[in-house]
Amino acid sequence: MTPNSQDLLFKTLSDPTRRALFERLCRDGEQTVVALTAQAGVSQPAVSKHLGVLKAAGLVIDRPEGRLTHYSAQRSALAPLVDWTSRMAGFWESRFDELENLLARMDQ
């Protein structure tokens, strides 16, 4: 994954409405725009626009069926963010270990 695509994931999920839609699809499974709009607190055109952004980032896929489009979350698209947070956790853990060692030496 390139840094730009990683930035796209962060930017996409930084919006609370998009994040809520993605979380709902992860939790409840495939849903239509109508179903998502019912609990989104924003208009249907706004939900459709947010779903378009999520789709462009690879976080959701759509499945047309007649006049309805069904959306589902692509949890695997979060892998680069999971990798990044794991690297950052390792970075900070090593820093805290170094600080702990320094403090122990200072106490001697």
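I started with the sheet: three strands form an open one, ordered β1-β3-β2, with antiparallel pairing. Strands pair here if DSSP finds at least two bridges between them, and my helices (H or I, at least four residues) and strands (E, at least two) are DSSP runs numbered from the N terminus.

A note on the source: this is a predicted model, where local features need pLDDT of at least 70, side-chain atom pairs count only at pLDDT 80 or more, and totals for chains, interfaces and linings use all residues. Residues are numbered from 1 along each chain as its sequence is written, and side-chain values use heavy atoms, with hydrogens and water left out.

Next I looked up how β1 is held: two bridges join β1 to the antiparallel β3 (residues 68–73). Within that pairing, I found Thr32 opposite His70 of β3.

Then I asked what packs on the sheet, and found helix α2 (residues 16–28), which touches β1, β2 and β3. Contact means heavy atoms within 4.5 Å. The direction of α2 makes about 85 degrees with that of β3; axes are lines fitted to C-alpha atoms, for helices over the stretch in contact, and angles run from 0 to 180 degrees between N-to-C directions.

My last entry is on α3 (residues 33–40) and α4 (residues 44–56), whose axes come within 9 Å and cross at roughly 115 degrees. That makes α3 roughly perpendicular to α4 (65 to 115 degrees counts as such). Val33, Leu36, Thr37 and Ala40 of α3 meet Gln44, Val47, Ser48 and Leu51 of α4.

Terms used
Angles under 35 degrees count as roughly parallel, over 145 as roughly antiparallel, 65 to 115 as roughly perpendicular and the rest as oblique.
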